[in-house]
Amino acid sequence: MTINAESKFVELVRSWLVSLPHDLKIAFDAMDDENLPRTARELATGGAVYIVSPKDSVLDQKDQVVSYADDAVLLRLALHNALEKGEDEKAFRDRFPELFEGLDDNLKLCKSIMGDLMTWLEQKVPALKNGNYKGKKITAYLDDEAAREQLFDDALVFRTDYPVDEKTIGDKVKKAATICEVLKRRKADEMRAKGIAAV
């Protein structure tokens, strides 16, 4: 890993952490865009649900900012996958250059630094549209107005309570290792939870 690549990666993740509430709004726009294919809208909805779902792992206060790194990367992976092909998808991407411009290269950079952790996040993406949230399937949030309102309200609470901005991120994220350590713990927690569920 070159120092240049590492510093680029750290700056990238810092910027994604700061923009996560805005990126969440873009996922909602994709969810509501009836020009987009149904599968793309379901994946965008699954990405939004992943962000607003409470996470089980209890993290140290100092790690709170970095603990959203998987959300920030996964949401972009989900939107990238959902909107990869097709004219309507391109029209949607063109509306949000701040998220989609250079995204291919940025995700490649993440992969080069994060390695297996990026593979772990990539493997979660296809399952996003098959998830459940508050006892409802992802499709319910597209088809049921009351369910959609509930998800929108939860997203509003998430954005209001979100603890990261230019000021709070400060010097909390300076090294790639800081980001990767938190992601390793999140992955280990998830594997443990799956192991318990499988017994």
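1. In this predicted model, a network of salt bridges links Asp-32, Arg-148 and Glu-149. Side chains of opposite charge can pair when their charged atoms come close.

2. Asp-32 and Arg-148 join through their side chains, with 2.5 Å from N to O. The partners sit in distant parts of the chain, 116 residues apart. Asp-32 belongs to helix α1 (residues 3-32), and Arg-148 belongs to helix α9 (residues 145-161).

3. Are these two residues buried or exposed? Asp-32 is partly exposed, at 36% relative accessible area. Arg-148 has a relative accessible area of 15%, so Arg-148 is buried, because the cut-off for buried is under 20%.

4. Next comes the salt bridge between Arg-186 and Asp-70. Their closest N and O atoms are 2.7 Å apart. Arg-186 is in helix α11 (residues 176-198) and Asp-70 is in helix α3 (residues 69-82), so this pair ties together parts of the chain 116 residues apart in sequence. Both Arg-186 and Asp-70 are buried.

5. Now a pair within one helix. Lys-184 and Glu-181 form a salt bridge, with 3.5 Å between the closest N and O atoms. What separates them along helix α11? They are three residues apart, which means about one helical turn lies between them.

6. Lys-184 is partly exposed, at 45% relative accessibility. Glu-181 is also partly exposed, with a relative accessible area of 39%.

7. How many salt bridges does the model hold? The count comes to 15.

Technical notes
Residues are numbered from 1 along each chain as its sequence is written. This is a predicted model: local features need pLDDT of at least 70, side-chain atom pairs count only at pLDDT 80 or more; totals for chains, interfaces and linings use all residues. Side-chain values use heavy atoms; hydrogens and water are left out. A salt bridge is a side-chain nitrogen of Lys or Arg within 4 Å of a carboxyl oxygen of Asp or Glu. Helices (H or I, at least four residues) and strands (E, at least two) are DSSP runs, numbered from the N terminus. Buried means under 20% relative accessible area, exposed over 50%, partly exposed in between (1.4 Å probe, protein chains only).
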